[in-house]
Amino acid sequence: MLEDFALRYFDLSLTQLALLSWLIILAGGVVGWLMPQGATGITRAPYFAIKAALVLALAQVGHIAMQVTVPSLVGEYYWAAPAMQAAGLLVFGFITVRLAAARSRDAFGHGNLALLCLVPLLSLILTFKRSKGDPALRRVGNRSLLTGEMGVFVGGFLLVLSVALNNYVQEEQAKRVAQANVDDKLKGDFLRFRLRKVVDKVQLPRQQGEGVMVVAVELRDKAVHFRYVADRPADRYPQWLRGGLVNKMCGETPTAVLVKAGAAFVMDIEDQKGAPYATMTVDAKACGFQPDPS
């Protein structure tokens with residue numbers, strides 16, 4: 001299950017990755033919001049500084065995950081980096097909303113608006129709303145470094161560090177993955193590992209269209225070989241055997257990602273006596289993908 005999640009994770013676009021990250025943070029935040037709330041409050045400056053420290057801590061989790069990304073890909077435990085980042089996002093969401101609940105109680109007299117901290121722009125309401133000064137609340141964060149102008153300065157400084165660290169992590173991770181590709185690490189071990197997962201999931205025998213049965217599947221280096229038994233010659237399957245299956249596999253995102261990385265899917269079609277009918281290969285050339293420069 002973790003491996004399947006990791007495969008999808010590494011295939012996500014930047015937009016999809018950002019959305020997934022926000023949803024994980026939201027999940028942790030909802031848990032924090034639903035838990036019993038205390039009688040604590042926090043004023044604006046300490047809230048800003050502590051929230052900035054949480055953002056920096058999350059960036060540090062990303063930095064640690066970056067350190068293990070390539071080793072985990074090569075070592076075939078590539079779920080480790082996504083799992084670490086997901087855990088960090090969950091904890092970040094939980095603690096941030098608990099902190100925002102204290103800010104909401106200080107600013108509005110209740111903690112119901114805590115989830116605003118996870119909504120862009122609306123989160124500024126919690127940051128800038130003045131304190132109601134309720135004497136019944138137990139104030140937290142009233143340290144000299146976190147209050148007043150010093151608290152604003154500390155928060156701003158930590159946010160700058162967070163942005164710098166995030167940018168470094170993204171650039172360095174891209175460089176390391178690119179270098180691993182050049183060194184043929186990901187193209188070899190990682191790609192073969194992903195293809196083995198494809199082979200392991202195939203249930204045999206399997207009906208594949210009218211009069212066609214998949215009876216065997218085997219991984220040979222970076223090529224997955226399927227053996228089909230058909231009850232009629234290949235030219236009797238105008239769509240399925242003359243381009244239809246190739247076009248389908250080239251258009252499916254999971255398969256296309258593997259083909260672009262250098263994988264091939266070979267379909268050997270035989271008659272019921274084992275005599276060959278035809279062989280079809282789905283690779284980068286058949287799909288019309290650009291050849292990999294490395």
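Mentor: Start with M150, which counts as partly exposed because its relative accessibility is 39%. Buried means under 20% relative accessible area, exposed over 50%, and partly exposed in between, with a 1.4 Å probe and protein chains only. This is a predicted model, where local features need pLDDT of at least 70, side-chain atom pairs count only at pLDDT 80 or more, and totals for chains, interfaces and linings use all residues. Residues are numbered from 1 along each chain as its sequence is written, and side-chain values use heavy atoms, with hydrogens and water left out.

Trainee: Where is M150 found?

Mentor: M150 is in helix α6, residues 148-182. Helices (H or I, at least four residues) and strands (E, at least two) are DSSP runs, numbered from the N terminus. The protein has 10 helices and seven strands.

Trainee: What share of the residues is buried?

Mentor: Of the 294 residues, 38% are buried. In soluble globular proteins, nonpolar side chains tend to be buried together.

Trainee: Which residues of the largest nonpolar core touch the most other members?

Mentor: A nonpolar core is a set of buried Ala, Val, Leu, Ile, Met, Phe, Trp, Tyr and Cys residues joined through side-chain atoms within 4.5 Å. In the largest one, of 23 residues, they are L195, V224, F226, Y228, F265, M267 and V282. Strand β5 gives the most to this core, with four residues. Another core, of 18 residues, lies apart from it and includes I24, Y47, L99 and L126.
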